[in-house]
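User: Please show me the sequence and the structure, and then let us go through the model one question at a time.

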Amino acid sequence: MSHTSSASHVPPGPGGGKPPRHWAIINNAFSTDECERLNAAFKELDAKDGGLVAGRFDQKVRQSALVWLPESEEFDWVIQRMTRLAADANRDVFRYALNGFEERLQLASYGPGHYYDWHIDRGRGAVAGRRKLTMSVQLTDPKDYVGGEFELNADGRPFQVPVDRGAMVVFPAHTLHRVAPVVSGNRLSLVAWVHGPDFV
Ligand SMILES: [Fe+2]
């Protein structure tokens with residue numbers, strides 16, 4: 001497994017030495033086969049929900065179809081993988097005090113016309129307010145959709161996250177990010193938040 005991260009070009013602070021890194025990219029976080037399994041899981045769970053979960057958002061900001069991954073043995077492997085990847089990224093880049101996943105993992109599907117405008121994930125709720133890291137895995141082959149770029153803006157310059165299938169980006173949950181409108185096809189992603197105590 002290769003671990004590469006893109007650093008910003010902000011000069012080091014007076015106490016630093018290393019420039020701050022605003023995100024971590026982990027290629028091959030999930031294999032093609034595992035991405036397929038999660039695509040199948042989305043279809044099954046979405047059919048079960050009857051689409052009730054979708055369309056619950058402010059449609060000016062977000063349009064997508066979501067399902068929450070059940071906390072069942074079937075998906076233990078996903079949680080275990082994400083736990084290890086979160087620990088690796090946190091050790092290498094962020095070094096935050098973290099407690100773990102306090103929300104279920106989410107599968108988000110963006111079809112034609114779907115998007116999620118610029119926003120941050122750290123929210124006001126009791127749980128959303130404890131989100132410290134966001135993890136997002138690309139589960140669709142980039143050949144299968146047009147548009148739907150995932151972008152981060154940590155330092156005033158939008159950064160386009162690599163679209164390789166199975167690649168993951170990890171970033172602080174207070175970082176601005178968006179999913180640009182999908183033009184055609186469908187883009188599926190796995191999203192998780194890692195929670196922890198307030199920054200002090
Ligand atoms: Fe988000």
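**Questions on the model**

User: How many other C-beta atoms lie within 10 Å of N28?

Analyst: N28 counts as partly exposed, a class that falls between buried (20 or more other C-beta atoms within 10 Å of the residue's own) and exposed (12 or fewer), with C-beta atoms placed from the backbone. Residues are numbered from 1 along each chain as its sequence is written. This is a predicted model, in which local features need pLDDT of at least 70 and side-chain atom pairs count only at pLDDT 80 or more, while totals for chains, interfaces and linings use all residues. For N28, the number of other C-beta atoms within 10 Å is 15.

User: Where does N28 lie, given that its phi is positive although it is not a glycine?

Analyst: The phi of N28 is about 55 degrees. Helices (H or I, at least four residues) and strands (E, at least two) are taken as DSSP runs, numbered from the N terminus, and in these terms the place of N28 is the loop between β2 and α1.

User: Which residue follows α2 with a positive phi?

Analyst: The residue in question has a phi near 55 degrees and belongs to the loop between α2 and β5.

User: How many helices and strands does the protein chain have, and what percentage of its residues count as buried?

Analyst: The secondary structure of the chain comes to two helices and 14 strands. Of the 200 residues, the part that counts as buried is 31%.

User: What percentage of the contacts in the protein chain between residues at least 6 apart in sequence join residues at least 24 apart?

Analyst: Two residues are in contact if their C-beta atoms, placed from the backbone, lie within 7 Å. Among such contacts between residues at least 6 apart in sequence, those joining residues at least 24 apart make up 80%.

User: Which strands stand at the edges of the open sheet of five strands?

Analyst: Strands are said to pair if DSSP finds at least two bridges between them, and in this sheet the pairing is antiparallel, with the order β3-β6-β12-β9-β10. Each edge strand has a single partner strand, so one side of each is left without a neighbour in the sheet. At one end, two bridges join β3 to β6 (residues 115-119), and the bridge partner of Q63 in β6 is Y115. The edge strands are β3 (62-63) and β10.

User: Which strand is joined to β5 by five bridges?

Analyst: Strand β5 (residues 106-110) is mostly covered, with four of its five residues buried. It pairs with β4 (residues 65-68) in the antiparallel sense over four bridges, where W68 stands opposite Q106. The partner with five bridges also runs antiparallel to β5, with L107 standing opposite L190, and this partner is β14.

User: What arc do the buried residues of α2 cover around its axis?

Analyst: The buried residues are V78, M82, L85, A86, A89, V93 and F94. The arc, which is that of the directions from the helix axis to the C-beta atoms, puts them on the same side of α2, whereas D76, W77, Q80, R84 and R91 on the other side are exposed. The buried residues pack against β2, β7, β11 and β14.

User: How far apart are the end C-alpha atoms of α2?

Analyst: The expected span of a helix is 1.5 Å times one less than its number of residues, so the 19 residues of α2 should span 27 Å. The distance in the model agrees with this, the end C-alpha atoms being separated by 25 Å.
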